[in-house]
Amino acid sequence: MSRIVMDANEAVARVAHKTNEVIAIYPITPSSPMGEHSDEYSAKGEENIFGTVPDVMEMQSEGGASGAVHGALQTGSLTTTFTASQGLLLMIPNMYKIAGELTPTVFHVAARSLAAQGLSIFGDHSDVMQCRPTGFTMVASCDAQEAHDLALITQATTLHARLPVLHFFDGFRTSHELMGVEVIGEEVMREMITPEMLNAHKSRSLDPQHPVIRGTSQNPDVYFQGRETVNKYYDAFGKILQTQMDIFAGLTGRQYHLYEYYGCEHPKELIVIIASAAKTVKETIDNLGSDYEVGVIVVRMYRPFDIKALLEAIPKSVRSVAVLDRTKEPGANGEPLYMDIVNAFVESLNEGAISVMPKIIGGRYGLSSKEFTPAMVKSIYDELKKQKSKNHFTLGINDDVTMTSLEVADFEVHEPQTKQALFYGLGSDGTVGANKNTIKIIGEDEGGHVQGYFVYDSKKSGSMTTSHLRFSSKPIGSTYLIEKADFIGVHQFVFMLKYDLLKHANEGADILLNAPYSADEVWQRLPRIAQEHIIEKKLNLYSINAYDVAKECGLGKRINTIMQTCFFKISEVISIEEAISKIKSTIEKTYGSKGEMIVRMNYCGVDKAIENLEQINVAEMVAIGPDLLPVLKLDTHDAFLENVTAKIEAFEGDEIPVSLMPDDGTWPLGTTQYEKRDISLEAPVWDPDVCIQCGKCMEVCPHAVIRGKVVDKKLLSDAPQAFSFVPSKNKHFGEDTQFSIKVSVEDCTGCTLCVEMCPAKDKSDLSRKAINMEAIEPTREEAIANWDYFVGLPEFDRTKIDRTKVKEAQLLQPLFEFSGACPGCGETPYVKLLSQLFGDRMIVANATGCSSIYGGNLPTTPWSKNSEGQGTAWSNSLFEDNAEFGLGMRASVDRQSAFAAELLNKLRGDLGSGLVDALLANGQTDEASIMQQRKDVTLLNEKLETLEGDNTTLLKGVSKYLIRKSVWSIGGDGWAYDIGYGGLDHVFASGKNINIIVLDTQVYSNTGGQKSKATPMGAVAKFAAGGKMTDAKDLALHALSYGDVYVARVAMGANDTQTLKAIVEAEAYEGVSLIIAYAHCVAHGYDLRYGMNQQKLAVQSGLWPLMRYNPDKVDTDENPFSLDYKAPSIPVKEYMYNETRFKMVLKMNKERADEFLSEAGKKAKRNWICYSDLHESGNLTLKKDEV
Amino acid sequence: MKMDIEYLGLNLKNPLISSASPISSHTDQCKELEDNGIAAIVMHSLFEEEINHELHEVDHMLFHGKDSFAEALDFFPDNDFENYESDNYLKQLETLKSSLDIPVIASLNGISSGGWVKYAKLLEDSGADALELNLYYPVNNANEDPLAIEKHYLDTISQVKAATQLNLAVKLSPYFTALPNFLRSAHINGASAAILFNRFYQPDIDLEELQWQSKLYQSSSVDLAKALRAVAINYGQSDLELSISGGVSCGTDIIKAVMAGARSVGVASVLYEKGLGHASVMLKEAEAWMIEKEYDSFDQMRGSISYTKSPNPAALERANYVSLLRHSEGI
């Protein structure tokens, strides 16, 4: 039977879309693709099995999605949703309702860790286990085929049984793992889900023709009985599920059971486990010697828990059982499945169904996609064989604190029919896409068994991707990463220089390198450790200069089909002629039948790949190459940095023992400075003679790699020879003050925004500006020395800096540097600016999103400290609660500073009125007075050391709150416009002194471009595939309606002075302040070097108005509303069509594209009318004549 | 009296052709031109750079930011693209062919020979009656050898000719050192006609932004004069057919062009200025002149004032240049 290669997300979406009428979702990794696939199917007009196209709705949060699902179900539609992790938790209240009302539905969950000491996007069962008491039944799948099948089986079951189902599978390991799936045909679906079943569901709906009420309020007399009515449904469920499984088997040949035994006929040791790890256990069983009499129970139906059916599946010979849980319940006697199994055996013993209690131990494995390997499986069986086995163990980590971990055996599975291949690529170079295609070719057309799994690193771009591909003539049971491969493709040569990749090569493996050198130069460029592997393991080495080939064919940097062709040539998995033919037909399918000319250009790469591939003769070679480049540049001895941070950086984080991890999830600041990612070949070079010292280059740099300082000339006496500086053009800094700009070339990402922004041109050569991009290599060491010296120079006196002028504000030290944000990111310049202005006294509540990822994705954080050790205290709580989280911080800070003031007064006698009055009276409205307060608090603390008593102790605890704190809620539009809007609105109404900045990319950037309520009309986004039909919410107008909220709309690229003013005013305002900052983003679809220019065009077109509303100016002569932009002066097309998100519509449908342009033009006019009216009329809080 | 002529192996009802311009994107406008007597349509040029640009644009749309970060494996939904500019060209060619009776000549503008060969075949398959190749390779570097440039042009011609059965016309810039020699070589390499001359965007300097800005000037009678001279000089030096483009605005310009030696004339600017109906005004004027001066046909007058047949060839030589300058006080 033919198979189609897909992952579980796609496999489930196909069934869910076919068997539902309404789909309400909210995106969350790793479940988002299920909703996205469904939306694409509906957008293409694909019908479900009843002949109608399902409606797919993206809601504002999972809470909202579950509400919409509940509503749709109650009014008769077959409805579903897809979610994971935090999102699933938000659905729990509705899940109780849905189950309590006996409503058939299947929720599909790509099970993922919960945020506890830290957030994780990776897979385990923590989320689904929180749903046990809701009343949802729970069914688990082990791979994409099972997920596909069980999606249908559970859908049929729920309609018969009237109990809702939580269908889950492992996040990433299953949700994103590609395999060949036998697709269920619609006839089978119709056999299992009939119109009669559909109508039975509809007959119970809320319907005015036959109205009923639900959701009553019940009292002590009847609630309990009402709760117990459902028992018979749970009793019947298991049988109904098995019946549907049997029917399915009859139709497809694939048989499932509630509890499935696999192993020898009379096992002694047994593992009980749920989901994908079961496949690894099965594979291990097949490979253990005959001295292992072992087996495994795969649990498919977890709720209800059918003790009888479970015991029937367990062979009577079993003497000891290990139960594996992929979750943790701190404080419990054991994890969920373990407790259920223990209980099952205890009850069975009590009832006489068994006569002997086996030894039962439980353990935790695989939290957050921690690997679970055959070696670990063997360790469990070995443990079970012991007289006394360890209980409540952990597997896969080294717990050297509470000693829970099991020793892992040295064991590998060898499957000779399975070929394993590893590919290392750079994000966006097409490697992953090509590998996905390779899998399709082999798995679909050739009928082989395939598996593809992809690992990405923690940076948003410039990151290494690793593709794990397996090909076999028999089904593949290895649900773990490849350790040793028969083929390794390294698509970016720099990875060879940094990492010991060839340690993953099997003896005699084939190695393919994309090297920017001729074949005879490659050997000497390799590091010694790679050369050693090649010689010792007798590896076959091939190379190709893929970028040259791509260039020749006009393909730019896209090397994917070139490398893919080379793989097929070398590996001979299928004949090269067939491979080329398949690759070419994929190219044709990709661009569509209408892209003929473009298709031919791509063929060129394929054709030229083989003629440019060369094998390197290594017979006579010796290993004399250089060492690997260091992963971290540490200039200090710090145990944590060396033993934790550096390890994680070197991909050795798995080795870190529990004892070295922070107990409470607290991590140190300022660690990105050690990374030195070296990802750019070019960096800006400063020309001091052309420079006008405007500060714009530093302002727009997303990564704080280009900075300026002013220092007294005397301090430069020991400067390196090549250290350039010129007199400062700011005379009020002092006659001898010098100005210098320096660049950290090791941190630069090469985005070139600084050069684009620079307004100063060389009068003798207009192609040159005050900064110009130049190759790093020739002057690298000098540049590094200059930077190191520059960083060591003291910061200029903050009290002398005019923070409202860009050129001066940019001289303040950034306390946010070298983040993992995309090159050219539009958010980070604002974040960095905040850190410059307030970073030494700022507390940040950061919403989940891009800013929490580049702000806090391990191993490093860009938030840093100044030389006094001060910096931003930062935390990400959740997604939906960020405004409230910040509000709580402000309430707390205010309370403690009030408390401190009270204590000061109580201790006035001991401390002296002078100091107390100074501390209390200081308004701390500028840098000088804040600096004074810091000094006075230091003095206070010294004095407190000499005193005793409870009030003294208490004041010691809160004296730091006498220093003014700047509290900020930072987040994107996903948080502010959608999931967090309710909380944000409440904060608007609070009147507390909290500052909010919304980094508005107009789309859910972090999770891959789903639309938000900030997405403008005409923009293509997920869930707006043809271009968004409705316009964006105007969040500013919402906030303005309160009258006492400071509101600003800013865009740095259009008016950086206004941006700076708004931020300073917002922070100074002693009430709620909201700044909505336009942020260009990779999700907009253009080279971000033009990002700031696009901001300018957005404002000039009228689509992004600039304004400020300052409540402090109400009741004064000044207009509180400042209109900060001019009437639209360019057609909207000039802004919009530079961006793929808008221009894409033109490629799809010209008429719709023209309509969007027309509507956008009207919108720009309406914006102008609305905002200029607010400006002129004073309508917000005052009558016109009072302005 | 006979108005029809033969050009590029096509029977045209008169020498007046609509040159490459955006008019060809509008089928209704082409029909109107046909109704007004235009004998053939040259489609707007398909630029190699535009095709490349579109490829990169589409690639960008399909692959931008893909597979870099686990939470955002892509940024845009899957979409089917239909509106490919490069393929719209082929579609429009087919539409024009099915809507018009007059020949439709496709126009290519590129710099790499590989590109041309591919597209030429596609254009032939879509029904083009002939092919116009815009040969313009801007030489900006002192290291570029003039003979190598000419060889590149000639190689392009022969490669395209090898790939298609269509007759080729090459549209040239006026800046050849030895145009007659090049034209003869072009013919040997497979060109059937040469169109004199191409016009280019000439940039101006923007002193506010301190950068170059592009401007397009409409063609003028200066362009016509240049072409007339070139056609007259070259007529008869090979079997290459000649066509004049640029600065043609009235019926008598057609006469002048044919007398100099041209087979056909191309118009565009004047149609924008004076409307599509101006084509019939021009043709009527030409016809009237021919009737008045008792000419039987364009074939009769073709090349009658070319260099070798001119009553005063010195006007086309250096002596005339010297004399004009000497007597230029009144200008």
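Reader: What should I know about the model and its numbering?
Author: It is a predicted model, where local features need pLDDT of at least 70 and side-chain atom pairs count only at pLDDT 80 or more, while totals for chains, interfaces and linings use all residues. Residues are numbered from 1 along each chain as its sequence is written, chains are lettered from A and ligands numbered from 1 in the order written, and side-chain values use heavy atoms, without hydrogens and water.

Reader: Ok, how many cavities of 30 Å³ or more are there?
Author: The whole structure has 18. A cavity is a set of points on a 1 Å grid over the protein atoms alone where a 1.4 Å probe fits but cannot get out. Points are joined across faces, edges and corners, and a volume is the space filled by probe spheres set on them.

Reader: What volume does the largest cavity have?
Author: About 420 Å³. It is lined by 36 residues, and the closest to its centre are A:Thr848, A:Gly849, A:Phe879, A:Asn1006 and A:Thr1007. Lining residues have an atom within 4 Å of a point.

Reader: Which element gives the largest share of that lining?
Author: α35(A), with four residues. Helices (H or I, at least four residues) and strands (E, at least two) are DSSP runs, numbered from the N terminus.

Reader: And how does the lining of the largest cavity split by class?
Author: It has 16 nonpolar, 14 polar and six charged residues. Ala, Val, Leu, Ile, Met, Phe, Trp, Tyr, Cys and Pro count as nonpolar, Asp, Glu, Lys and Arg as charged, and the others, Gly among them, as polar.

Reader: What about the second largest cavity?
Author: Its volume is about 300 Å³. The 25 lining residues include A:Gln1002, one of the closest to the centre. The lining divides into 17 nonpolar, two polar and six charged residues.

Reader: Where is A:Gln1002 in the chain?
Author: In the loop between β33 (995–1000) and α37 of chain A. Phi of A:Gln1002 is near 65 degrees, a positive value in a residue other than glycine.

Reader: Is A:Gln1002 buried or exposed?
Author: A:Gln1002 counts as buried, at 7% relative accessibility. Buried means under 20% relative accessible area, exposed over 50%, partly exposed in between (1.4 Å probe, protein chains only).

Reader: Why is the pair of A:Phe122 and A:Phe172 tilted?
Author: Because the planes are at 40 degrees, with the ring centres 5.0 Å apart. A:Phe122 is partly exposed at 30%, whereas A:Phe172 is buried at 2%.

Reader: What kind of pair do A:Phe423 and A:Phe567 form?
Author: An edge-to-face one, 5.3 Å centre to centre with 70 degrees between the planes. A:Phe423 is in strand β16 and A:Phe567 in helix α20, 144 residues apart.

Reader: Last one. Which peptide bond of B:Phe197 is cis?
Author: The one joining B:Leu196 and B:Phe197, with omega about 0 degrees. B:Phe197 is in the loop between β8 (193–196) and β9 (204–206) of chain B. In chain A, the bond from A:Leu858 to A:Pro859 is cis, with omega near 10 degrees.

Technical notes: On a 1 Å grid over the protein atoms alone, a cavity is a set of points where a 1.4 Å probe fits but cannot get out, and a pocket is an open set with protein on both sides within 12 Å along at least five of seven lines; lining residues have an atom within 4 Å of a point. Rings of Phe, Tyr and Trp (its six-membered ring) pair if their centres lie within 6.5 Å; planes under 30 degrees apart count as stacked, over 60 as edge-to-face and the rest as tilted.
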